[in-house]
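Please open the model in your viewer and keep the sequence panel beside it. The tour below moves from one selection to the next and says what is there at each stop.

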Amino acid sequence: MISRLILSVLIMMFCLASCKTSKVEVEKKTETPYDATIAFGSCNKQKLENKLWVEVVKHKPDLWIWGGDNVYSDTDNMDKLKADYDELLANKDYQLLKESTEITGTWDDHDYGLNDGGEEFHAKKGSQQLFLDFFDVPKNDPRRDRAGVYSSQIVSSPKGTVKVIVLDTRYFRTALTKAKDSKKRFEPNTYGEGTILGETQWSWLENELKSSNADFNIIVSSIQVLSAEHGFETWGNFPHEVDKLKGLIKDSKAKGVMILSGDRHISEFSKTEIEGVPFSLIDFTSSGLTHVYSSFTSEPNKYRVLHVIPKISFGVLRFNFQTKTVLMEMRGVNNVLQQKLLQTY
């Protein structure tokens, strides 16, 4: 009798273990597969330790996108700027990223060379050449002979494509309006006054979107597009340019358009609807890689969804072409998932 009881208990334990194993296996099999991965980030002080490169590499991204402030130089001395780029290039962890994935990106003010700078920066031609050197752009590439660092490329997978459209929000940007409110740095220009992209880049962007056959289209802007109430640099300082971009997204009929931005030393998701566009427009801000606004408490943003993350962070986007979904993740030290947003297009 006792032997039968022991045998029954052993059989029950075996069944429970088997059932538990089966459940785990089922969960693994039903986990959503992703066909392409893109990672990005901004605000990287080359003299500070970057704890995130090793984590970025773990995700095996098909592309890494620099969102600007790739180094902090703030100079018109090209020897200093080159030395700052060389210091970053010498970083062993960044070298591992360069060896494992393709890299593209834009600049912002601190690697451009002038804090909050725009078209007025007198050393921008030399700065552009060093920027292109940093990205190993060939000497015969058209970007070597044209003004601005904007570019585009395709990330392909067997199931679909992602077009990455990188903007230059510095080279052509006209004057900002200083805020009358002492708590803010800038306020919006008079509607219709000034430009962020300049006429030539706007024409280029229009062609890039209207001619795109990609399943998803990423627009990379070094400054935020949607969040506009904080009083720092933002597309909102040129409200007519925001409306122009929304109108272009609608008229182009480009699929799955989303925005990636940096600059702010915080990370957040902003979201809005454009009449006539069948998907929400997301502005995914990821900033920064080495330092952040750690004393952040609050800041208005009527487009914000979820929370502000004031911790060092990088962004990951995982694309599923069959379900037309993108999983957007904020990741931190030790690859901790800070926040995520699943968007269907």
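Is D116 buried or exposed? With a relative accessible area of 14%, D116 is buried, where buried means under 20% relative accessible area, exposed over 50% and partly exposed in between, with a 1.4 Å probe and protein chains only. Select D116 in the loop between α5 (109-112) and α6, and note that its phi is positive, about 60°, although D116 is not a glycine.

Before going further, bear in mind that this is a predicted model, in which local features need pLDDT of at least 70 and side-chain atom pairs count only at pLDDT 80 or more, while totals for chains, interfaces and linings use all residues. Residues are numbered from 1 along each chain as its sequence is written, and side-chain values use heavy atoms, with hydrogens and water left out. Helices (H or I, at least four residues) and strands (E, at least two) are DSSP runs, numbered from the N terminus.

**The sheet**

Now select the open sheet of 7 strands, whose order is β4-β5-β8-β9-β11-β10-β12 and whose pairing is mixed; two strands pair if DSSP finds at least two bridges between them. Its edge strands, each pairing on one side only, are β4 (151-157) and β12 (304-309). Neighbouring strands of this sheet are turned by 20° against each other on average, direction ignored.

Begin at β4, which is joined to β5 by a hairpin through 2 residues; the two strands run antiparallel, with 7 bridges between them, and V155 stands opposite V162 in β5. The covered face of β4 presents S151, Q153, V155 and S157, whereas S152, I154 and S156 form its uncovered face.

Further into the strand order, β8 (residues 216-220) and β9 (residues 257-261) run parallel and are joined by 4 bridges. Select I219 here, and I259 in β9 will be found opposite. Helix α7 (residues 198-210) packs on the sheet, touching β4, β5 (160-166), β8 and β9, and its direction makes about 175° with that of β5.

**Two helix pairs**

Two packed helices are described by the angle between their axes and the distance between the axes. Here axes are lines fitted to C-alpha atoms, for helices over the stretch in contact, and angles run from 0 to 180 degrees between N-to-C directions.

The contact, meaning heavy atoms within 4.5 Å, is made by W202, L205, E206, L209 and K210 of α7 together with E241, K244, L245, L248 and S252 of α8.

For the second pair, select α3 (78-89) and helix α6 (residues 124-134), which pack at an angle of about 15° with their axes 10 Å apart. The helices α3 and α6 are therefore roughly parallel to each other. From α3, the residues M78, L81, K82, Y85, L88 and L89 take part in the contact, and from α6, G126, S127, L130, F131 and F134.

**Single residues in loops and a strand**

Next select S280, in the loop between β10 (267-272) and β11 (281-285), which is buried at a relative accessible area of 9%. Leaving aside neighbours within four places in sequence, S280 is in contact with V257, K271, T272, E273, Q343 and Y345. The C-alpha atoms of S280 and Y345 are separated by 7.8 Å, although these residues are 65 apart along the chain.

Move to T37 in strand β1 (residues 36-41), which counts as buried at 10% relative accessibility. Beyond its neighbours within four places in sequence, T37 is in contact with H59, P61, D62, L63, V316, L317 and R318.

C43, in the loop between β1 and α2 (53-58), has a positive phi of about 65° although it is not a glycine, and it counts as buried at 0% relative accessibility. Finally, select G288 in the loop between β11 and β12, where a cis peptide bond with omega of about 5° joins S287 and G288.

Conventions:
Angles under 35 degrees count as roughly parallel, over 145 as roughly antiparallel, 65 to 115 as roughly perpendicular and the rest as oblique.
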